[in-house]
Amino acid sequence: MGVGTTNLGVVFIHGLFSSEETWDPLARLLESDEELAHVAVRRFGYATPKFRFRPDRRTPDYNDLAERLKTFLQYDAAGHDRLFLVAHSQGGLIVQRYLARMIQSGQGQQLAKIRGVVLFACPNGGSDFALPLRSAWWSKNPQVRALGPLNADVRDAQQTVLDQIVYAQEVGASSCPIPFWVFGGEEDQVVVRASAQGSFPKVFMLPGDHFSIIQAKTHEHPAYVALRTHLLEVEQTDPDDPSAPASSSSGSAAQAAPWGDSAKATRILDVLPPYADWLRTLRTQDFFVVSGRVNRLFHEAADALSNDPLHFIDPALRDAATACSTATTDLSEAMIDLLFADRVDAKAFENLPALENEDAWTFVLGEYQPGESELRLHTLRDAFFEAYDALVRLLNERLLAPAGTTPPLSGTSTPATVAGPPAAPNASGPQPRVGQGLPRYERELREAYDQLRSAGIGAPDSDAYLSGATAVQHFTAAEKSGPGWVLSLRNGRAIAVSAPLWSALVRAGRPAVDGDPLNAVGYPSAPGTDPAVLGPDVQRVALEGGSWGKGWLVRLDNGWRWEPQVDLGFNQTRSAINWTATQPAPQLRLRAVITWPWDIAAEELEVTPARRRDLKTQLPFSRVAGAVSTLSLRRGADLRAADWDLGPNRNASDSVSYSATITSPDGRPALTGAVMAALPGAMQSSTVTCAEVTIQDADAWAAALPPGASTKLTLEEMASVLLAAWETAAEVLPAAVCEATMMRWAGPPTVELRMSAEGPHDQPRPALDTLIDFGEVGPTDRNSLSEMAVTITVSPMLEDTERRKVLRRALVRMLGRFGYFEADEHLFT
């Protein structure tokens with residue numbers, strides 16, 4: 001049976017308190033789509049009552065529903081060669097639970113006929129919408145309980161799906177590669193963007209709220225366009241090759257039809273290809289002399305875009321494409337107007353074919369008569385490249401542009417303009433004037449230059465250019481022997497930056513994945529609103545937040561380095577729950593997980609035998625070892641964490657795991673200190689270190705303590721353990737993987753502080769307040785909290801006083817987020 005001719009079954013799974021009828025709009029559109037005639041719609045329904053009035057019935061939990069879905073797919077959908085699962089809200093969690101249970105039971109090969117999964121508004125990170133009301137009305141409903149933030153079973157299933165399905169390479173008993181496409185609603189307050197994404201690599205936003213996101217009424221509705229795109233991709237895969245699921249980024253079907261963002265990206269880059277010679281000429285050449293070939297190609301691009309609306313599914317891409325198309329049309333029309341003006345040199349136009357050789361391709365547009373029309377062209381050109389570069393950057397971020405498609409910096413600049421000193425002006429030609437190249441900023445740049453030149457700023461050394469939304473121009477020093485200057489104008493504020501400082505700023509952001517250093521680290525700022533000067537002697541420069549967030553450029557003994565400003569949040573990184581799958585699970589886990597996005601060559605990172613020996617020597621004297629011992633000393637028992645051996649997690653040249661365990665008199669594990677580290681690999685792009693203290697068994701610990709000693713931790717003890725874990729993960733573990741301690745960042749580093757009550761996987765998780773005394777911070781409005789966490793964007797290797805200060809802020813923020821609103825920093829002093 002040939003590709004595209006088999007019966008593909010699309011199985012729809014509804015959400016909480018919903019029914020199969022919620023899929024009526026999408027189902028009708030699918031059934032009326034001639035290109036998807038081989039697609040059969042199947043609906044999976046299940047019991048999800050708001051209230052139960054019959055005592056002889058219960059509400060099924062996710063494990064029940066996962067088994068019910070398994071039965072449905074095995075029998076009701078048995079006639080389909082391939083399956084495609086589409087889930088809304090809670091339905092997505094049921095799908096993940098089903099997939100995880102199949103993998104965990106060694107039935108991965110039975111998943112091979114599933115060729116894709118689409119999740120609409122699925123609470124992958126839980127939902128705290130109306131949480132007090134939900135807790136009051138449906139406290140006994142297992143489906144409602146599972147929707148809370150940081151639910152352990154939901155998290156474990158999602159991690160299994162990510163590790164052994166989304167990132168899987170082959171079909172086997174414990175793995176099966178299946179692409180996932182995750183969508184959120186831009187107006188959804190029930191499942192916000194961060195929750196819709198969860199730990200999945202990316203999420204696409206669609207118009208609508210939690211319910212209207214799937215209520216598509218036409219074939220042009222973004223939700224249907226997205227679903228149709230991926231169904232066409234699946235239709236093009238070989239039904240006899242279960243190891244080749246549809247691409248999660250693009251596919252031949254998407255390229256063949258005007259559906260889907262991948263096809264639209266290809267069309268726009270076909271007519272406006274980044275780094276095409278003619279587009280680069282338009283970007284950099286003086287507009288009074290421009291090639292006739294450039295004119296013709298640009299007009300062709302404008303015509304193509306005007307006939308192609310490019311309605312991207314992604315709202316941000318849709319807005320960026322509209323802005324780019326408008327700017328292209330405006331510039332094209334202005335070029336045509338000037339082409340037919342009386343000022344055109346007709347002879348140059350007639351001789352153009354002869355001149356179209358090598359680089360001698362000039363078409364004079366009134367070289368000696370610059371006027372209002374020419375200035376308008378400069379302004380429109382700048383506007384076009386701002387819009388175009390913004391669109392190409394978005395396409396790169398969405399992985400929709402071909403590999404290596406990175407735009408030059410915005411406006412009329414080129415990467416070399418920013419990355420290094422500007423080319424010296426031709427001594428025999430006219431010297432550039434202040435603001436030359438950016439007519440619409442020329443007056444403001446001139447005014448700023450007049451105010452700041454007393455600081456030692458000399459003559460312009462280059463044309464002005466746009467870097468993002470910032471106008472930039474390089475200057476010599478008034479004293480010819482001194483360093484030069486860079487004048488930047490951003491949001492109406494002018495700042496003169498010494499050339500060495502500007503170069504350091506560019507170097508700091510050079511590891512940025514989008515190739516735009518200043519877009520990553522941001523631009524210099526200064527207090528006040530008047531023009532400011534940042535000279536060569538400054539030690540610390542505040543930066544307006546780029547894609548890495550707000551930060552500082554800090555002068556160190558070995559040069560400058562970007563450092564993040566402290567920021568507190570609750571977005572869980574993919575590494576947050578690494579090393580938590582070992583059994584038996586502890587009753588309480590307190591850990592610090594640090595992500596190190598170092599700018600370092602892979603060959604410089606290795607856990608060598610010598611580094612491993614040094615680490616094992618240091619661990620008995622580490623802060624985390626001291627924290628384990630101190631917990632018992634404070635209760636009258638001298639139980640030392642002195643014997644550190646290989647831990648239960650992976651040990652290799654790219655990973656580390658060591659632990660020390662205190663046991664009860666009868667040999668049961670009581671308390672454990674552990675450290676782990678992993679180098680960048682397929683599952684993570686940064687080095688990750690972790691240190692933790694766990695209560696393996698409170699009864700075993702009590703047996704090793706004096707009679708009557710409590711095993712419940714105080715808030716102060718909880719804070720001390722997390723501080724010790726942070727210090728060990730930051731100060732001890734990095735030396736096990738590399739030599740340098742002050743490397744440049746390739747992104748913002750994070751420290752995640754986490755506490756979780758766990759226990760056997762087949763039993764309900766205990767509440768944290770049964771293991772930690774939260775009495776000092778009052779009651780919480782949350783029922784049975786089993787996990788809390790906070791993520792800190794910060795340079796991990798802080799001085800001890802600063803680390804304690806940040807830790808207190810983070811703990812107060814975390815406790816307040818989880819309902820302990822009386823928490824205050826004085827509790828942790």
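Predicted model: local features only at pLDDT ≥ 70, side-chain atom pairs only at ≥ 80, totals over all residues.
Colleague: How do you know that the rings of F183 and F204 form a pair, and what makes the pair tilted?

Modeller: Aromatic pairs number 16 in the structure. In the case of F183 and F204, the ring centres are 5.9 Å apart and the planes stand at 40 degrees.

Colleague: Where in the chain are F183 and F204?

Modeller: F183 belongs to strand β5 (residues 180-185) and F204 to strand β6. The two are 21 residues apart, so the pair links distant parts of the chain. Both F183 and F204 are buried, which means a relative accessible area under 20%.

Colleague: Why is the pair of F384 and Y388 called stacked?

Modeller: The planes of F384 and Y388 are at 20 degrees, with the ring centres 5.7 Å apart. Planes under 30 degrees apart count as stacked, so F384 and Y388 form a stacked pair.

Colleague: What separates F384 and Y388 along helix α16?

Modeller: About one helical turn, because F384 and Y388 are four residues apart in helix α16 (residues 372-397). F384 is buried, as is Y388. The two also belong to one aromatic cluster, together with F298 and F385.

Colleague: How do you know that R443 and E447 form a salt bridge?

Modeller: Their closest N and O atoms are 3.0 Å apart. The cut-off is 4 Å between a side-chain nitrogen of Lys or Arg and a carboxyl oxygen of Asp or Glu, so R443 and E447 form a salt bridge. Both residues lie in helix α18 (residues 439-452), four residues apart, about one turn of the helix.

Colleague: Why is R443 called exposed and E447 partly exposed?

Modeller: R443 has a relative accessible area of 57%, and over 50% counts as exposed. E447 has 37%, which falls between the limits of 20% and 50% and is therefore partly exposed.

Colleague: What makes E692 and R589 a salt bridge?

Modeller: The closest N and O atoms of E692 and R589 are 2.9 Å apart, and the limit is 4 Å.

Colleague: What about D666 and R668?

Modeller: D666 forms a salt bridge with R668, with the closest N and O atoms 3.1 Å apart. D666 is at 55% relative accessibility, so it counts as exposed. R668 is at 32% and therefore counts as partly exposed.

Colleague: How many salt bridges does the structure hold, and which residues are linked in a network?

Modeller: The structure holds 31 salt bridges. The network of salt bridges links R155, D156, E752, R754, R765 and E787.

Colleague: What makes the phi of F17 worth a remark?

Modeller: Most residues other than glycine have a negative phi. The phi of F17 is near 55 degrees, a positive value, and F17 is not a glycine. F17 sits in the loop between β1 (8-13) and α1 (24-31). At 24% relative accessibility, F17 counts as partly exposed.

Colleague: And what is the phi of A121, and why is A121 called buried?

Modeller: A121 has a positive phi of about 50 degrees, although it is not a glycine. Its relative accessible area is 0%, and under 20% means buried. A121 is in the loop between β4 (114-120) and α4 (131-137).

Colleague: Which residues form the negative surface patch?

Modeller: E186, E187, D209 and D319 form the patch, and Asp and Glu count as negative. A patch residue needs over 30% relative accessible area; D209 has 33%, so it passes that limit and is partly exposed. D209 lies in the loop between β6 (204-206) and α8 (222-235).

Colleague: How far apart are E604 and C738?

Modeller: They are 134 residues apart in sequence and 6.4 Å apart in space, C-alpha to C-alpha. E604 is in the loop between β18 (588-596) and α21 (609-618). At 46% relative accessibility, E604 counts as partly exposed.

Terms used: Residues numbered from 1 in each chain as written. Heavy atoms only, no water. Patch = residues over 30% accessible without salt bridge, like charges linked within 9 Å, V, L, I, M, F, W, Y side chains within 5 Å. Areas by Shrake-Rupley, 256 points an atom, 1.4 Å probe, with all protein chains shown as cover. Charge placed at Lys NZ, Arg CZ, Asp CG, Glu CD. Buried < 20%, exposed > 50% of the residue type's maximum accessible area, 1.4 Å probe, protein only. Phe/Tyr/Trp six-rings, centres within 6.5 Å; stacked < 30°, edge-to-face > 60°.
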